[in-house]
Amino acid sequence: MHQLGLTVLTLILAIAGCESRRGATDRQPELVVFAAASVADALHDIADAFEADKGIRIEISAAASGVLRIQIESGAPCDVFVSADPLHMDRLATAGLILLDTRTDIASNTLVIVTRETQYEAWTSPEPLAESAVGRIAIAHPDYAPAGRYARSALEHHNLWSRVEPRIVFGDNVRLTLQQLLIGGLRCGIVYASDVATTDALDIAYRFDPKSHPPIRYPAAVIRRANVHPAANAFCRFLGTDAARSILRSHGFTDVPRSEDPPEVVERLGPAQSVDDTVMPIASESLFDESLMQALTLSVRVSIVALLFCLPIGVLTGTWLARTRSAWRPIVELAITCPLVIPPVVTGLVVLYLVVRMRLPVAYTWWAAAIASAIVALPLLVRTVRAAVEAMDDRLPLVAATLGASRTRVFLTITLPLSWRGVVGGAVLAWARAAGEFGATIVVAGNTPGKTQTIPLAIYSALHSPDDSAVWPLVAVAVLMSVAAVAISEALVRSKRKQVFRAPRNGH
Amino acid sequence: MLRATVTKKLGGFTLDVSIQSDVRVTGLFGPSGSGKTTLLNCIAGLLDPEKGDIVFSDTPYFASDPPANRPIRERRVGYVFQDSLLFEHMSVRANLLYGRNRGGNGPGFDDVVDVLALGPQLARKPRELSGGEQRRVAIGRALLSNPAILLFDEPLTGLDAALAGRVMVYLKRVLDRFAIPALYVSHSISDVIYFCDEVVVLRDGRVVTQGPPGEVITRRGVLDDRHLTDLRNVFTASDANYDQEHAAVRCRIGPLELLVYSATPERTPTPTLAIRANDIILAAARPERISARNVLPATVQRVEPVGGKILVFIDVGTTWIVEVGPAAVEELSLKPGAAVFAVIKASAIELL
């Protein structure tokens, strides 16, 4: 024990030493760049080139553009922001958070249809999407992810949107869409050309004409701070150099068209719609209410079905674990407890893999969300039931057996009634866990409003959207649900305790 | 009727016994940790012996060679646990009826409720009952499952003396009324003498001796001094009348009259009474002008040394055990056939 403490102390000192040495050699602080996830790889290469040239270290923080934008709004220490979407940059500009004269569009991208099927010849039009043979189509979420917005515009342009919409699976962002194609069993999707550059597994079937959708731009700008980093401007300028452009091209990006102010014609179907309506669809109040209700309904449906999956398995397993002396017990215990500690994303991946392997037609439906939530919630139910059954006098089932009762009758008339508080308390906890499930759900079920977008997913998406006013009502609903669940569960446990300590009546 | 050969290890303890009993009520007597309850549990099927052979009235319960193990629910044992173990979530009625659907011609519901005086409690929940009432419900529940054999695991332990006395009376009534074979585990020698036709004495997982209680208790190594202090004569009297003026019950054993002080009127005409063995005084001649209210003529049956004391068995219509010192035996020349007088204070007799 003593030795272990010494080792840990030594380790801490060593790490602290490294830290201070590093700080001493760096004359200038690092330049912090917030980069949209889709350009992060390219920016790492550019940063290396910049550092080699100017000797200034660059630290890149990669996330979804919307998340980075919120962090900047909250005062995160960021010097340069590279967004995957002009809208987020616009919001920062409106708030006066960027140096306007430093803003440049550093790259463009091409929207492509990709397939896993090599037998497809390159398409001459996106028309084959309308054929049901291509199966479901993965795209990023149009309301939140730029790639999805462009994809919808392009499909509307080709008069395909209404025909393919029922088969569309929305990923939360374009990277997730890519994963759904790579490992999630979907065969066709719309992503950026730069995404496909990272993998051999997907073939580009069709490249959309840039005129079929709003221009794809990656704007960069220096963030307005008390002390603007001396190298921030230089880095922004560096992003426009040939060296940087060739790196971006090697990552599958394209150059921004040279013409200074090209009035890119976005052809639209139907009557004229203001551009604002397309880019900020959730700004409308009625739509927001509807999406909240949708998310709430779906959350309730998914969590209740998850609970219905959990209950029989959880109650039987919990009871069995409390009573058995079987050699299998530790193994079952481990298997049941695992989802409690494994990152839910991993659980989601495993479920997705199994579901796809077993050819269950549930991936990307709310059924998948319910199954994933059930698996994640199960340990809570099992553990609570187990504790309740263990608290019961273990001779009572034996008494019932001496009175001639079968195992089933003992379970139904003795074990269950005497541990019902544990069962109900555990069920409430499991339900709340299922209703709050995020990581596994987004992987196995995607993030399709009205289909698989439960409240946690809606919150996450709303955070990414240029308009995040929808977040707080969703947050309020989520908090209310959780607090109510814990209160109910606690109340049940408390009433049980009270009963245990009630003194028996005297006399005979 | 019951044959049980059992080898069972539990931690560092080993039960290794072979018993056989043809009587109706068999006692299992011994100190804590002697293996009484373990043996009972093996017979009920709550524990599986490592080795053994258990047969009850031609029904095999357990055998290790060739292996056979009748499930608990098919053994038809009416097990009454030390701490009642009622089903808390059910009414008394539901508890009593739990084993009812085993069928057969067991004791009837009304009969059991009547014998155990549970009528007023039927609608109540176990936690609303006193400890004594809970024991009675547990006994009734076992009876109503139509048992082939009743197993009692210290059914009077954990109750205060007054309650234990009441339950004792009910239990005796049950054993007499329903005539179901029973195994009765106890560490109280008075209980064993009162209830059992035969007793098996266990110590450290082995059988010390077996036989009728009256004979067994005088054998070497069965009783120690602590048992002697607890030794009580429990018996049933008849023709009880409450004497309001003297706040006493007048009753009879055979032709002899007995006076027992009691603050409350006795409800039954056949009360169960208890007298400690060392509360009885023996006199060679009838004592006169004496404060003790009861002087009964008796005949000495046996005189047996146990530990440092002498137990004198006397016949007063029923057999009583009297504890005296060795000097008294000599002075009174107590020997079988001698006529003596048993002197008991009315306040030394306990109404159960």
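Questions on the predicted model

Me: How many residues of chain A are in contact with chain B, and what area is buried between chain B and chain A?
Reply: On the side of chain B, 28 residues take part, and they are in contact with 25 residues of chain A. The size of an interface is often given as the accessible area lost when the parts come together. Carbon and sulfur atoms give 62% of that area here. The area buried between the two chains is about 2,300 Å².

Me: Which helix of chain B gives the largest share of the side that touches chain A?
Reply: Across the interface, four residue pairs are in polar contact, both residues being at pLDDT 80 or more. Strand 7 (77-80), helix 4 (131-143) and helix 5 (161-178) of chain B each supply at least two residues of the side that touches chain A. The largest share, four residues, comes from helix 4 of chain B.

Me: Where is the kink in helix 2 of chain A centred?
Reply: Helix 2 of chain A covers residues 37-54, and its 18 residues reach 25 Å from the first C-alpha to the last, close to the 26 Å expected. Its buried residues include A:Ala42, A:Leu43 and A:Ile46. Just after the helix, A:Gly55 takes a positive phi of about 70°. The kink, of about 35°, is centred on A:Leu43.

Me: How many residues of helix 5 of chain A are buried?
Reply: This helix runs over residues 146-157 and reaches 16 Å from its first C-alpha to its last, close to the 16 Å expected. Among its buried residues are A:Arg149, A:Tyr150 and A:Arg152. Just after the helix, A:Asn159 takes a positive phi of about 60°. Helix 5 of chain A has twelve residues, and the number buried is ten.

Me: Why does A:Thr365 count as partly exposed, and which residue 87 places away along the chain has its C-alpha 6.1 Å from that of A:Thr365?
Reply: A:Thr365 is found in the loop between helix 14 (344-357) and helix 15 (366-391) of chain A, and it counts as partly exposed because its relative accessibility is 22%. A polar atom of its side chain lies 2.5 Å from the backbone oxygen of A:Val362. Not counting residues up to four places away in sequence, A:Thr365 touches A:Arg136, A:Ala445 and A:Thr452. The residue 87 places away, with a C-alpha separation of 6.1 Å, is A:Thr452.

Me: What is the omega of the cis peptide bond from B:Asp65 to B:Pro66?
Reply: Most residues other than glycine have a negative phi, and most peptide bonds are trans. B:Pro66 has its place in the loop between strand 5 (59-64) and strand 6 (67-69) of chain B. The bond from B:Asp65 to B:Pro66 is cis, with omega near -5°.

Me: Is B:Leu85 buried or exposed?
Reply: B:Leu85 is found in the loop between strand 7 and helix 2 (92-97) of chain B. Although it is not a glycine, B:Leu85 has a positive phi of about 50°. Its relative accessible area is 7%, so B:Leu85 is buried.

Me: Is B:Arg289 buried or exposed?
Reply: B:Arg289 lies in the loop between strand 17 (281-283) and strand 18 (294-306) of chain B. Its phi is near 45°, a positive value in a residue other than glycine. Its relative accessibility is 88%, so B:Arg289 counts as exposed.

Note on methods
Residues are numbered from 1 along each chain as its sequence is written. Chains are lettered from A and ligands numbered from 1 in the order in which they are written. Side-chain values use heavy atoms; hydrogens and water are left out. The expected span of a helix is 1.5 Å times one less than its number of residues. The bend at a residue is the angle between axes fitted to the seven residues ending there and the seven starting there. Buried means under 20% relative accessible area, exposed over 50%, partly exposed in between (1.4 Å probe, protein chains only). Contact means heavy atoms within 4.5 Å. Buried area is the accessible area (1.4 Å probe) that two parts lose on being put together, summed over both. A polar contact is a pair of N or O atoms within 3.5 Å; within protein, one must be able to donate a hydrogen and the other to accept it, and residues adjacent in sequence count only if both atoms are side-chain atoms.
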